Amino acid sequence: MLSEYKPIFLNLEDDDSFASERDSKPTDDSVTTFVFNAHHSLAIEAQRDRLPIRKYRDQILYCLEQYQTLVLVGETGSGKSTQVPQYLYELGWHTKGIIGITQPRRVSAMTVADRVANERGEVLGDTVGVSVSFIDKYSESTQIKFMTEGILLREMLADPLLQKYGVIMIDEAHERSLLTDTVLGLLKKIMRKRESLKVIISSATIDAQFFKKFFTIESKENSAVILSVEGKMYPVDCFFLNEPCADYVKETVATVLKIHEKEANKVGDILAFLTGQEEVLDVVQLLNEHTQQWTNNNLQVLPMYGTLPNADQLKVFFSAPKGTRKAIIATNIAETSVTIPGVSYVIDCGFVKMKWFDSNSNTDTLAVIPISKAQAEQRAGRSGRMNTGKVFRLYTEEEYSKLPAQLPPEMKRSDLSTTILYLKALGIDNVLRFDFPTKPPAKNLLAALELLLALEALDNKGTLTQPVGYFLAELPISPMMGKMLYNSIQMACSEEILSIIAMLQVHTVFSKPSTGQGQITARVKKREFEVAEGDLITLLNVYTGFVAAGRTKEWCGQHYVIYKNLKRAYELREQLAKLCRNKIGMPLISCHGNVDVIRRCITSGFFPNAAYLHHSGVYRTCRGNREMEIHPLSCLYTIRQPQYIVFCELLHTTKPFMKEVTVIEGDWLTELAPHYYVKRGVRYEDR
Ligand code: CDP
Ligand code: MG
């Protein structure tokens, strides 16, 4: 039966170049959207009929008539995103207003919109439309509109009650990104004022009750309901370790081999969860070293992670040759983002990688931490889709009992400056009292308010300033970057700053060959672009070189830079330039490569991230005096250390590391941000 599975290919050009972009400020998210169709060979109508959600069509519509909020639970692939909007349309719900559906990522919005238009035999942009940042395909006749959460937020700026929508579906709400939570909080406000607005929240099982509670209005009966369209779940046997294990990578390898040996006469694939791509590749390599020695190799080892090329991701969906078992070694992408058929055994390492924001140091920390109980259940459940399953937890029962019920959503562990900008732009003055689904820590809110004040996006009363504050709120880039862009117009270097910003939006542009010799050549080639002024000017050099050479693939190949990413940077730059012209109405100006002007402009935006070289030889932040180091990937890592620098990002892995660093003059701090720094002796301190 498994061999029937056929892949479908996304008909989007360059789809994985969008992979990391949520439609808002950049995040480190790198999960690609992946779609797999088990009934590809059937006619569209037959495909639609076979989806698990089909049986619930009437119930969905009934619930939505009776309740204002419907929380819809169902696993990936059951038909939530593509079918629900069509069911509503088929019953004429669009006459009450557009049917809007948000997705957390641009690629999902575009692929799902494309699929729905296809199913309806139409082209995208007619009844079915899509809007993600920088791409709009909709028209007057659009009734079903897919978009990212960021777009819905920006639509609220013009239409605070979302009057043109009759139903809004927030898809994949369990991801609980900053934007999801912000949108949910705002929707709740809107729904109080507009009782006719219906909201569908699509969610994984574990969060359904939470969403229901959030949208329940005490005074009103029938405000929210949960409907589960989950397929049948078979029982799952749980096995724990007797003793804690020292190395879950090795333990995973041993467990895969043990399952394969002990369950030799049973069918069923193995799915192992690890925390990141590197661990996944380690396990794959260790397993391959074993299986290569077998005379009859009947174990097919496959990696699965977000940045894996689509063609390789596809392999996990094909059934292995007869008599062969698959072992899929995955990151937590396989928890909810994709459903892999045929899995009977799950191995759970018990950990997850997560980013935390620390408001004391204004740092993001990337850490591997124990998972929550809910996550442990979700992982285990992946084994019971086709038949009874088994989960092997690489921790003891006692360790399990100490796991937290849930891990905090992004709202509790992120920098909030962008969120606050949005809320302020929507006229929500008291952000401390805003009804977030999960309250962010007050000190993170205060840190964000302070930063916005420093950037002059807010005034002393906490009101959004005109024009700076509004300009920053409307731009899809971070506030510091936005301020740098704003200043670049006055400082006459906006052409260069735009290029730098566009380059910072894409993942690294430097390619990393897998062979030793290739790596050395790539390093030498990168050196050719590197300059003593730092990483941002280096990026500008790459971009300028690319454009001057006619933006060709050949040039990229010769210089070991990634064509796809540079092309994307070029497109992003075009779009940002257009936005700038529209919002500020000023021409773009070039400083013709005057590096001092560019560095001063960078300082005028990133001054809160300034650091100086302490006499101990370690950098410290000018404000707060905290120690940090230059990231090994920075071009300034190996050269003589400059006295003053500004950085774009601070990432705490083993230590706090400054990324994307630019060399500046200390005097520029007091000159360009006199409200923030004053000169004391030889040091610049906060006022
Ligand atoms: O939202 P959910 O994960 O519940 O499912 P969906 O995105 O509505 O997809 C339902 C089914 O439609 C998938 O299982 C695929 O068979 C098919 N599909 C497709 O073939 N191509 C797409 N771009 C999206 C969905
Ligand atoms: Mg979906």
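Me: How many residues does helix α23 have, and what span does it reach from its first C-alpha to its last?
Reply: This is a predicted model, so take everything here as computed. Helix α23 covers residues 595–606. At 1.5 Å a residue, 16 Å would be expected for it. The helix comes close to that, with 12 residues and a reach of 16 Å.

Me: Which residue has a side-chain oxygen reaching toward the backbone nitrogen of D596 at the start of α23?
Reply: Look at the start of α23, where the backbone nitrogen of D596 sits. A side-chain oxygen comes to within 3.2 Å of that nitrogen, and it belongs to N594.

Me: Which residue's side chain makes a polar contact with the side chain of Y570?
Reply: Start with where Y570 is: in helix α22, residues 563–584. Beyond four places in sequence, Y570 touches Y543, F546, V547 and R551. The polar contact between side chains, at 3.0 Å, is with R551.

Me: How far apart are the C-alpha atoms of Y570 and F546?
Reply: F546 is on the list of residues that Y570 touches. Along the chain the two are 24 residues apart. Their C-alpha atoms are separated by 9.4 Å.

Me: Which strands stand at the edges of the six-stranded open sheet?
Reply: The order of the strands is β11-β18-β15-β12-β14-β13, with parallel pairing. Each edge strand has a single partner, so one side of it is left without a neighbour in the sheet. The edge strands are β11 (236–241) and β13 (299–304).

Me: What is the average twist from one strand to the next in that sheet?
Reply: The sheet in question is the open one with the order β11-β18-β15-β12-β14-β13. From one strand to the next, its twist averages 15°.

Me: Which residue of β14 is the bridge partner of L302?
Reply: β13 and β14 (residues 325–330) run parallel and are joined by six bridges. Within β14, the bridge partner of L302 is I328.

Me: Which residue in β14 does I270 stand opposite?
Reply: β14 also pairs with β12, in the parallel sense, over four bridges. I270 stands opposite a residue of β14, and that residue is A327.

Me: How many of the six residues of β14 are buried?
Reply: R325, A327 and I329 point one way from the strand, while K326, I328 and A330 point the other way. Both sets are buried. β14 is largely enclosed by the rest of the structure, because the number of its residues that are buried is six of the six.

Me: At about what angle does helix α9 run to β13?
Reply: Helix α9 spans residues 277–291 and lies across β13 and β14. Helix α8 (residues 248–262) lies across β13 and β14 too, among other strands, and runs at about 150° to β18. For α9 and β13, the angle is about 165°.

Me: Which residue takes a positive phi in the hairpin of β16 and β17?
Reply: β16 (residues 351–358) and β17 (residues 363–370) pair in the antiparallel sense over eight bridges. Four residues lie between the strands. The positive phi, near 55°, belongs to N362.

Me: Which residue of β22 is the bridge partner of D364?
Reply: β17 and β22 (residues 644–652) run parallel and are joined by two bridges. In β22, D364 has as its bridge partner L651.

Me: Which residue does a cis peptide bond join to Q466?
Reply: The bond has an omega of about 5°. Its second residue is in the loop between α15 (442–454) and α16 (468–474). That residue is P467.

Terms used: Residues are numbered from 1 along each chain as its sequence is written. Chains are lettered from A and ligands numbered from 1 in the order in which they are written. This is a predicted model: local features need pLDDT of at least 70, side-chain atom pairs count only at pLDDT 80 or more; totals for chains, interfaces and linings use all residues. Side-chain values use heavy atoms; hydrogens and water are left out. Contact means heavy atoms within 4.5 Å. A polar contact is a pair of N or O atoms within 3.5 Å; within protein, one must be able to donate a hydrogen and the other to accept it, and residues adjacent in sequence count only if both atoms are side-chain atoms. The expected span of a helix is 1.5 Å times one less than its number of residues. Two strands pair if DSSP finds at least two bridges between them. Axes are lines fitted to C-alpha atoms, for helices over the stretch in contact, and angles run from 0 to 180 degrees between N-to-C directions. Buried means under 20% relative accessible area, exposed over 50%, partly exposed in between (1.4 Å probe, protein chains only).
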